[in-house]
Amino acid sequence: MTNEVNHDNHDDGKDARREQQLRADALEYHRFPTRGKIEVVPTKPLSNQRDLSLAYSPGVAYACEEIAANPAAAAEYTSRANLVAVITNGTAVLGLGNIGPLASKPVMEGKGCLFKQFAGVDVFDIELAENDPDKLVDAIAMLEPTVGGINLEDIKAPECFYIEKKLRERMNIPVFHDDQHGTAIISSAALLNALKVANKRIGDIKLVASGAGAAAIACLDMMVGLGVRRENVYVTDSRGVIWQGREANMEANKARYAQDTDARTLADIVNGADVFLGCSTAGVLTGEMVKTMAERPVILALANPEPEIRPEVALAARPDCIIATGRSDYPNQVNNVLCFPYIFRGALDCGATRITEEMKQACVVAIAELAEAEVSETVAAAYAGQTLAFGPDYIIPKPFDQRLIAAIAPAVAKAAAESGVATTPIADLAAYRAQLEQQVYHTGLVMKPLFTAAKAAQKRVVYAEGDEERVLRAVQTIVDEGLAKPVLVGTADKVEKAIATAGLRLKRDTDFTLADPGSADATDHALALLNSGEADAVICGLRGSIDTHLEQVRATIGLAPGAEVMATMNALVLEKHTLFVTDTHVNDDPTAAELAAIARLAAEQVRHFGLEPKVALLSHSTAGSSERPSARKMRDARALLAHSAPELPVIGEVQGDVALAGGVVPGFTGEANVLVMPSLDAANIAFNLLKVTGGKGVTVGPVLLGAAKPVHVLGPGATVRRIVNMTAVAVSGAVR
């Protein structure tokens with residue numbers, strides 16, 4: 001039986017049920033607790049009459065007068081310089097086709113979320129009910145006073161080429177059609193590095209493309225600009241090879257790649273090709289075709305969600321091939337999120353009037369070079385279990401590589417200045433790069449590295465409350481996402497009944513293992529499985545008091561070698577900060593030595609979130625302004641850390657506002673992200689207040705620190721989402 005047949009031999013019923021569950025989860029995600037995915041939030045206080053007089057009449061008039069006198073002042077007095085319009089007419093949406101502007105709005109909102117999360121760029125999503133290209137150009141061009149850049153999205157070819165060209169001619173701000181240029185930039189970076197691995201010269205290769213839409217043509221134009229010879233490029237579309245003299249389904253952008261050839265099919269032209277570029281549809285490239293390609297062939301199979309050929313099929317046919325796809329479950333994912341947030345970040349920050357070929361090529365080179373760079377400790381921790389060394393399975397960076405913003409945006413800004421389109425060139429690129437690195441702490445993507453590591457590790461996680469509905473709903477997600485191998489503690493009848501009541505698809509011995517505790521306490525049984533090596537991690541504490549479960553952990557698991565104390569840490573994803581607060585549940589009034597130990601444990605855990613820890617020892621005082629015992633305790637903890645962890649960035653004792661101000665304390669760069677509190681009360685109160693007022697429910701924890709094996713006590717209030725998150729945390733602890 002061939003690989004193709006093996007792969008497609010799915011349990012259709014199970015796939016359908018999983019799709020149904022995914023649909024329900026996605027709709028709930030979009031509907032609750034707030035409809036949609038974005039909102040507009042004021043950046044200034046509006047708490048009294050004085051604020052209102054400054055924000056609106058009469059104070060606003062002064063800002064208007066400044067801008068009227070000098071239009072460039074809009075960048076100082078409005079949000080325009082950090083605002084991009086994501087615009088579509090809904091004619092070519094994802095894999096959904098022409099669904100219209102209204103139905104496309106969830107996609108555009110999602111694009112806005114990515115801009116904000118990855119690069120701090122604000123977005124207005126604008127869906128226009130217009131298919132006439134000239135009317136679209138007129139409507140979009142009118143927005144120039146409103147926004148600093150235009151991201152065209154999901155507009156069908158060939159109209160998208162015309163619309164972008166006309167807008168670039170008319171507008172004095174960056175216009176970027178991501179479906180074209182984003183894909184072109186990432187695939188070109190992949191091509192450059194794949195050719196290095198294959199030891200081939202770009203000017204010598206034969207390149208074959210399947211697809212002649214917006215993305216394919218943009219990819220070819222970019223690759224030709226980087227050195228591929230046009231006479232060595234062959235293209236097919238739905239009508240076959242694009243050859244000189246063909247009249248069917250032709251337009252100007254395709255005609256540029258027409259060849260004088262008798263070949264009429266993909267199989268004809270792929271013979272002897274060094275590179276296959278797929279921007280078409282699933283399955284068009286077969287294993288037999290791959291066998292006819294040149295040695296060490298490069299395959300960029302970018303159709304989504306199903307590529308032109310699956311990597312396992314291509315590798316079975318040609319083990320020497322280097323392959324990239326658009327999928328996250330294979331190496332070398334060509335994902336536009338590697339590019340568009342950062343090219344706009346650089347363009348906006350230097351006041352670029354357009355995005356030039358030089359800026360796009362700078363983006364290509366920056367991405368390609370990042371894949372060759374030595375992986376930092378932080379990035380390696382974020383992708384634990386994966387080999388991130390330049391080679392056939394690593395020719396482009398991971399989409400969540402936190403170095404992307406600091407690599408791409410300065411390169412783009414520099415190229416903008418050199419090509420004469422930067423109205424406010426950045427003089428100190430090193431300082432700009434440092435500023436961008438600081439933005440990593442505000443992304444809100446804190447769990448992604450741990451999810452990636454969990455999927456690779458496939459560890460056995462025991463859930464002590466295996467018949468609890470929240471646990472079972474979380475386990476359904478964990479199974480669907482491949483985060484772990486669940487073990488449920490409970491009796492068969494109770495677990496099966498709870499699964500049926502919840503309407504879940506979980507199957508015993510297929511999706512999970514059952515561990516009947518008999519007469520034993522459920523948490524004791526789970527911990528025994530961990531101690532005996534029958535499991536790799538434990539999640540418990542959804543019933544009963546946290547203190548009771550912690551005592552069980554102390555008695556059964558104990559301290560890790562070298563650990564001086566157990567403690568808990570909670571993560572908070574806020575609008576402008578990702579913070580880690582400790583100790584929220586274990587030590588009532590820790591000593592200075594215990595606080596120093598807790599800080600070291602917390603810093604180690606934060607690194608596994610893919611972030612560099614910066615510790616603040618919080619107090620009511622700053623730098624000796626008080627001699628009260630709690631202030632002296634934090635001061636003493638700082639002295640102990642200076643001796644035991646001199647490499648760790650630490651400030652303290654310090655008040656909370658100073659810790660988050662950034663740049664206030666000499667010798668401490670940026671803002672603190674690990675907040676060590678003087679007492680359990682302070683930590684728990686601060687965490688819960690921030691969770692409600694700023695966290696929007698996005699919290700992780702409590703993460704138990706200092707235990708000999710990975711076990712986490714969540715508490716009765718744990719949500720399904722928190723159980724899923726903590727599973728990834730538990731697995732990350734199991735692989736260390």
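**Annotated binding site, a helix pair and a parallel sheet**

In an unreviewed UniProt entry, the feature "binding site" is placed at Val 93, Leu 94, Gly 95, Leu 96, Gly 97, Asn 98, Ile 99 and Gly 100. The model examined here is predicted. Two of the annotated positions, Leu 94 and Gly 100, were examined individually. Leu 94 is placed in the loop between strand 1 (83–88) and helix 6, and Gly 100 is likewise found in the loop between strand 1 and helix 6. Leu 94 has a relative accessibility of 63% and is therefore classed as exposed, the cut-off being over 50%. Gly 100, by contrast, has a relative accessible area of 14% and is therefore classed as buried, the cut-off being under 20%. When residues up to four places away in sequence are not counted, Leu 94 touches Val 107 and Asp 154. Under that exclusion of residues up to four places away in sequence, Gly 100 touches Asn 89 and Gly 90.

Helix 6 (residues 101–119) also packs with helix 15 (residues 340–349), at an angle of about 65° and with the axes 9 Å apart. The crossing of helix 6 past helix 15 is right-handed. On the side of helix 6, the contact is formed by Lys 111, Leu 114, Phe 115, Phe 118 and Ala 119, and on the side of helix 15 by Phe 340, Pro 341, Tyr 342, Phe 344 and Arg 345. Sorted by class, this contact of helix 6 with helix 15 comprises 8 nonpolar and 2 charged residues, with no polar residues.

Elsewhere in the model, an open sheet is built from 5 strands in the order 13-12-11-14-21, with parallel pairing. Tyr 463 has Leu 488 as its bridge partner in strand 12.

Two helices were assigned to contacts with these strands. Helix 23 (residues 522–532) lies across strand 11, strand 12, strand 13, strand 14 (537–540) and strand 21, and runs at about 170° to strand 14. Helix 24 (residues 546–556) packs on the sheet and touches strand 14 and strand 21. The direction of helix 24 makes about 160° with that of strand 21.

Methods: Residues numbered from 1 in each chain as written. Predicted model: local features only at pLDDT ≥ 70, side-chain atom pairs only at ≥ 80, totals over all residues. Heavy atoms only, no water. Axes fitted to C-alpha atoms, helices over the stretch in contact; angles between N-to-C directions. Helix = DSSP H or I, 4+ residues; strand = E, 2+ residues; numbered from the N terminus. Left-handed = near helix turned anticlockwise from the far one by under 90°. Contact = heavy atoms within 4.5 Å. Nonpolar A, V, L, I, M, F, W, Y, C, P; charged D, E, K, R; others polar. UniProt positions renumbered as here; feature names shortened; annotations may be inferred. Buried < 20%, exposed > 50% of the residue type's maximum accessible area, 1.4 Å probe, protein only. Pairing = 2+ DSSP bridges.
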